[in-house]
Amino acid sequence: MEKVVSLCKRRGFVFPGSEIYGGLANTWDYGPMGMELKKNIQETWWKFFVTDRLDMVGLDAAVLMNPKVWEASGHVDSFNDALVDCKECKARHRADHLIEDAVDDIKVESLEPKDLDKLIESNKIKCPDCGNQNFTPARVFNLLFQTFIGPVAEDTEPVFLRGELAQSMFVDFKQILETSRKKIPFGVAQVGKCFRNEITPGNFIFRTIEFDLMEFEWFIKEEEWEKWFDYWLKEMKKWLNIVGIDGKKTRVREHTKDELSHYSKRTVDIEFNTPFGWKELYGLAYRTDFDLKNHQEKTGKDMGYFDPATNNKFIPHVIEPTFGLTRSILMVLLSAYTEETVKDAKGNDETRVVLKLNKNIAPFKVAVLPLVGKLNDDAKKVYEKLASHFHTDFDVTGSIGKRYRRQDEIGTPYCVTFDFDSLDDKAVTVRDRDSMKQKRVDIDELADYLSDKLAK
Ligand code: GAP
């Protein structure tokens with residue numbers, strides 16, 4: 001993990017937010033490489049789940065919503081975590097995490113504070129920071145992030161920054177249905193920022209108070225929920241492969257009855273074996289008709305769907321696959337980070353760090369490297385040819401060895417070296433990031449050659 005965090009800072013993927021002012025705990029900025037990686041993951045997701053299908057449409061809703069939405073959704077009452085403080089060292093812990101980290105095979109997410117206290121007591125759980133066993137009773141905190149509209153906070157009602165994307169897809173359901181003319185089953189997808197007042201954010205970008213989500217609501221007939229649950233679980237597993245998350249490090253975990261969210265009848269998590277244990281990467285939930293029904297009851301607005309095939313009207317049920325975008329970035333990086341022992345120019349062993357990112361999400365697809373400064377102008381013409389086809393870097397700073405090293409560390413699949421021979425034979429050397437094999441390719445054929453390679 002430290003190596004990935006260090007590479008992220010060194011190569012401009014992710015660095016602490018507002019660092020020159022001492023930072024703001026658990027906020028992170030995505031630098032030139034990180035924002036490209038994030039954008040590529042998001043676009044690949046959108047293509048796979050939305051634009052490649054006829055039965056999915058998109059939404060880009062406001063972050064701020066009428067606070068009554070969050071009352072109807074149950075988030076004001078039930079979107080809670082319990083915390084305990086260590087009376088000795090003052091460290092703050094999420095009670096469920098404290099228990100789950102100390103006791104094998106236990107899940108306690110939705111237990112009452114008094115039951116959490118009993119488990120901490122009966123399992124003689126100690127503070128991971130100081131080793132003492134002296135905690136305050138568990139207290140419940142709501143995760144919704146409050147803010148105020150208007151310049152004078154006292155004069156205005158608080159509103160919430162959205163804690164999930166889903167609610168806008170429910171609130172806008174009828175508008176989307178009428179304007180898109182979709183028939184059930186169909187889905188509404190959205191990508192965007194969410195905010196949660198997490199008690200214990202941490203582990204780099206794993207748990208933050210501001211994060212990006214990609215999720216969709218899949219509207220169905222109640223009797224078909226099991227079929228669609230299985231279908232979306234399979235599609236989610238395909239996605240792991242498409243984005244380059246190591247399938248051998250993932251598993252599917254069923255939520256116990258006690259653990260289910262207030263809206264869910266069945267949930268599974270796709271978990272990833274991180275350096276800090278098995279952790280939730282994505283979720284798949286059967287939300288029943290809980291949300292649409294609640295919004296209909298609270299607003300008096302009809303949320304029903306008229307089925308022209310049967311002349312029946314009903315409130316659709318919902319399957320919801322949800323994907324943390326920022327969590328995807330971390331798991332992609334943990335999957336792609338590789339250290340290899342290679343020989344340097346003098347035949348000595350050295351460590352090569354390489355990000356074996358899937359080609360579709362790599363920040364740059366190709367880098368053009370003139371061997372020496374004198375060749376920059378000629379090499380630039382090769383860059384210009386390629387740049388209209390792929391996101392291409394033109395890297396002239398440092399020795400050729402250092403430039404290969406940099407491109408390996410940012411995961412560029414192909415480096416194109418322009419040398420003195422290129423002036424005569426009108427060809428360049430293409431180096432493959434993973435095998436490090438080199439091949440001489442005619443400049444005229446280069447774009448086609450790379451297109452072919454990048455498509456594989
Ligand atoms: N609409 C359902 C929903 O929001 P969730 O399990 O609470 O479900 C969805 O969150 C996903 O968001 C998680 O699977 C995880 O990938 C990501 N996520 C949740 N909390 C996060 C946090 N504090 N920081 C980063 N990602 C988070």
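**Ligand shell, helix packing and backbone geometry**

In this predicted model, a polar backbone atom of Leu281 sits 2.6 Å from an oxygen atom of the ligand, a polar contact being a pair of N or O atoms within 3.5 Å (within protein, one must be able to donate a hydrogen and the other to accept it, and residues adjacent in sequence count only if both atoms are side-chain atoms). Of the 550 Å² that the ligand exposes when taken alone, the protein buries 92% (Shrake-Rupley accessible areas with a 1.4 Å probe; for residues, only the protein chains shown count as cover).

Around the ligand stand 19 residues, of which Glu164, Glu198, Thr208, Glu280 and Leu281 come nearest; a residue counts as near if one of its heavy atoms lies within 4 Å. By class, this shell holds 9 charged, 6 nonpolar and 4 polar residues (Ala, Val, Leu, Ile, Met, Phe, Trp, Tyr, Cys and Pro are nonpolar, Asp, Glu, Lys and Arg charged, and the others, Gly among them, polar). Strands S10 (210-220), S13 (277-288) and S16 (317-324) each give two or more residues to the shell, and S13 gives the most, with 5. Strands (E, at least two residues) and helices (H or I, at least four) are DSSP runs numbered from the N terminus.

Turning to the helices, H2 (residues 32-51) packs on H9 (residues 225-243) at an angle of about 140°, with the axes 11 Å apart. Axes are lines fitted to C-alpha atoms, for helices over the stretch in contact, and angles run from 0 to 180 degrees between N-to-C directions. Ile41, Thr44, Trp45, Phe48 and Phe49 of H2 meet residues of H9 including Trp232, Trp239 and Ile242, where contact means heavy atoms within 4.5 Å. This H2-H9 contact comprises 8 nonpolar, 1 polar and 2 charged residues.

A second pair, H5 (residues 95-102) and H6 (residues 113-122), packs at about 35° with axes 10 Å apart. Here Ala95, Leu98 and Ile99 of H5 meet Leu116, Leu119 and Ile120 of H6, a contact of 6 nonpolar residues with no polar and no charged ones.

Most residues other than glycine have a negative phi, and most peptide bonds are trans. The Ile184-Pro185 peptide bond is cis, with omega near 5°, and Pro185 belongs to the loop between helix H8 (173-180) and strand S9 (186-195). Ser18, in the loop between strands S1 (14-16) and S2 (28-30), has a positive phi near 40°.

Residues are numbered from 1 along each chain as its sequence is written, and side-chain values use heavy atoms, without hydrogens and water. Local features need pLDDT of at least 70 and side-chain atom pairs count only at pLDDT 80 or more, whereas totals for chains, interfaces and linings use all residues.
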